[in-house]
Amino acid sequence: MADDAFQVELSDDLDGARLTGELDLLVYEKADVALSPLFDAPGDVILDVSGLTFVDSSGIRLFVRLERAIRDRGVLHLRGASPHIERVFQVAGLPDLGIVIADGHDG
């Protein structure tokens, strides 16, 4: 059910991905496996989160783990967040970790 609603589409050059659906505990393992190539990215990682409709603390934990993995060589960018999802990121303190949050209105 919910697992089918969540999708990860990696970019061709493995420097980012597009996430759609609900990122929660039920799909954490699927998301972790799907994003695993990005943990070794040589530079910045850009995640298009415009298709995310929900994210819980397990999703936040995944973003924090990814940021820590690439911290010495790049920056994690979360782009296209809806106002609700962006608020979750802000409250969770992701910008304080150096994760760049760009909403859907940024050009």
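Asp48 and Arg18 form a salt bridge, with their closest N and O atoms 3.2 Å apart; the term requires a side-chain nitrogen of Lys or Arg within 4 Å of a carboxyl oxygen of Asp or Glu. This pair links distant parts of the chain, since Asp48 belongs to strand S3 (residues 45-55) and Arg18 to strand S2 (residues 16-23), 30 residues apart. Helices (H or I, at least four residues) and strands (E, at least two) are DSSP runs, numbered from the N terminus. Asp48 counts as partly exposed because its relative accessibility is 27%, and Arg18 is partly exposed at 32%. Buried here means under 20% relative accessible area, exposed over 50%, and partly exposed in between (1.4 Å probe, protein chains only).

The model is predicted: local features need pLDDT of at least 70, side-chain atom pairs count only at pLDDT 80 or more, and totals for chains, interfaces and linings use all residues. Residues are numbered from 1 along each chain as its sequence is written, and side-chain values use heavy atoms, with hydrogens and water left out.

Arg18 also has a place in the strand pairing. Strands S1 (residues 7-10) and S2 pair in the antiparallel sense over 4 bridges, where pairing requires that DSSP finds at least two bridges between the strands. In this arrangement Glu9 stands opposite Arg18 in S2. The hairpin of S1 and S2 has 5 residues between the strands, and in it Leu14 takes a positive phi near 55°.

How many salt bridges does the rule give? The count comes to 3. Side chains of opposite charge can pair when their charged atoms come close. Another of these salt bridges joins Arg65 and Asp32, with the closest N and O atoms 2.8 Å apart. Arg65 lies in helix H3 (residues 57-70) and Asp32 in helix H2, so the pair ties together parts that are 33 residues apart in sequence. Helix H2 covers residues 28-35. Is Asp32 buried or exposed? Asp32 counts as buried because its relative accessibility is 17%, whereas Arg65 is partly exposed at 33%. Leaving aside residues up to four places away in sequence, Asp32 touches Phe39, Leu62 and Arg65, a contact being heavy atoms within 4.5 Å.

The side chains of Arg71 and Glu67 meet in a further salt bridge, at 2.7 Å from N to O. Glu67 is found in helix H3. With a relative accessibility of 6%, Glu67 counts as buried, while Arg71, at 45%, is partly exposed. Glu67 touches Leu76, Leu97 and Ile99, not counting residues up to four places away in sequence.

Turning to rings, the count comes to 1 aromatic pair. The rings of Phe63 and Phe89 have their centres 5.6 Å apart and their planes at 85°, so the pair is edge-to-face. Rings of Phe, Tyr and Trp (its six-membered ring) pair if their centres lie within 6.5 Å; planes under 30 degrees apart count as stacked, over 60 as edge-to-face and the rest as tilted. Phe63 lies in helix H3 and Phe89 in helix H4 (residues 83-91), so this pair ties together parts that are 26 residues apart in sequence. Both Phe63 and Phe89 are buried.

A ring also takes part in a contact with a charge. The charged end of Arg61 sits over the ring of Tyr28, 4.1 Å from its centre; the criterion is NZ of Lys or CZ of Arg within 6 Å of the ring centre and within 35 degrees of the ring normal.
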